[in-house]
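The following paragraphs lead through a protein structure, turning to selected side-chain contacts and then to strand pairing. Please keep the sequence and the model in view while reading.

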Amino acid sequence: MCQLLGMNCNVATDICFSFTGFQARGGATDVHADGWGIAFFEERGVRVFLDPQPSCSSPIAALVRQYPIRSKNVVAHIRKATQGVVALENTHPFMREAWGRYWIFAHNGNLTDFAPALDGSFLPVGNTDSERAFCWLLQCLRQRFGETLPSPAALFDAVHALACELGSRGEFNFLLSNGDCLIAHASTKLAYIVRRAPFAQAHLKDEDVTVDFSDVTTPDDRVAVIATVPLTDNEQWQTMPPGTLWLFEEGEVARQAATIAGPEKKPLTSGP
């Protein structure tokens with residue numbers, strides 16, 4: 001089972017503390033040793049770091065851990081391969097352009113017998129079910145919205161319909177962002193925490209590292225962190241019930257909805 005990490009904030013924030021614990025799960029404190037990646041939105045640009053090596057021993061991961069890149073939306077992933085060989089092209093998160101914006105996607109799970117009809121507007125480079133799902137999602141969104149960039153609310157409604165459909169085909173935990181917001185789907189396992197004033201100390205589960213957020217924040221800051229498994233052991237994380245979709249904006253939960261899947265698989269439609 002892969003692991004996901006996301007961050008959504010109301011002010012640009014670095015993810016060094018959370019990534020320190022997350023990095024250790026890629027082959028040190030857990031078995032996810034088949035690659036890792038992280039994407040940082042900076043205005044309309046994106047910095048993406050990918051490595052098919054275990055994150056616990058990756059020099060690139062060590063650089064990211066020590067490099068305080070500030071971003072309002074971050075998506076990270078450490079991989080335990082289920083479909084597709086261990087290779088750079090199969091390393092999450094994946095990035096595509098649509099409506100003149102970059103879109104970032106990372107998936108944890110397994111979609112069995114997943115072969116959607118793709119019209120050529122978005123095509124996978126690697127051979128994972130995850131990248132195929134991402135291409136299909138963007139294709140459906142393009143068919144629904146045409147040339148108009150969807151608002152976060154409209155995007156959430158459209159992704160909700162698609163997550164309901166794909167959720168019936170297997171495990172489909174994912175994070176999706178275009179820099180305006182972050183959408184998280186808890187198919188089986190995700191948790192989140194929103195840090196806001198009054199800020200306190202936090203201690204990582206996977207490393208003996210503590211930070212006092214009151215020393216590095218302002219009273220107006222809000223930071224939402226989403227992870228497959230909580231990263232700290234002295235904070236109250238919220239479990240996201242299986243079969244739920246969440247919209248994070250400006251460092252807090254903006255919307256949520258159930259994605260209850262039917263018992264039978266149905267043919268994939270061309271759009272939501």
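Is Glu42, at 30% relative accessibility, buried, partly exposed or exposed? Glu42 counts as partly exposed at that value, where buried means under 20% relative accessible area, exposed means over 50%, and partly exposed lies in between (1.4 Å probe, protein chains only). The model is predicted, so local features need pLDDT of at least 70 and side-chain atom pairs count only at pLDDT 80 or more, while totals for chains, interfaces and linings use all residues. Residues are numbered from 1 along each chain as its sequence is written, and side-chain values use heavy atoms, with hydrogens and water left out.

The side chain of Glu42 meets that of Arg47 in a salt bridge, with an N to O distance of 2.2 Å. A salt bridge here is a side-chain nitrogen of Lys or Arg within 4 Å of a carboxyl oxygen of Asp or Glu, and the count by this rule is ten. Arg47 is likewise partly exposed, at 34% relative accessibility.

A further salt bridge joins the side chains of Glu207 and Arg65 at 4.0 Å, N to O. This pair links distant parts of the chain, 142 residues apart: Glu207 lies in the loop between β10 (201-203) and β11 (210-212), and Arg65 in helix α2 (residues 59-66). Helices (H or I, at least four residues) and strands (E, at least two) are DSSP runs, numbered from the N terminus. Glu207 is partly exposed at 28% relative accessibility, and Arg65 is partly exposed with a relative accessible area of 28%.

Glu131 and Arg96 form a salt bridge at 2.7 Å, N to O. Because Glu131 belongs to helix α3 (residues 129-145) and Arg96 to strand β5 (residues 94-98), the pair ties together parts that are 35 residues apart in sequence. Both Glu131 and Arg96 are buried.

Strand β14 (residues 244-249) is largely enclosed by the rest of the structure, because five of its six residues are buried. Strand β8 (residues 182-186) pairs with β14 in the antiparallel sense over five bridges; two strands pair if DSSP finds at least two bridges between them. Within this pairing, Leu182 has Phe248 of β14 as its bridge partner.

Strand β15 (residues 252-258) also runs antiparallel to β14, joined to it by six bridges. The two strands form a hairpin with two residues between them, and Glu250 in the turn has a positive phi of about 55°. Glu249 has Glu252 of β15 as its bridge partner. Glu252 also belongs to a network of salt bridges with Arg196 and Arg222.
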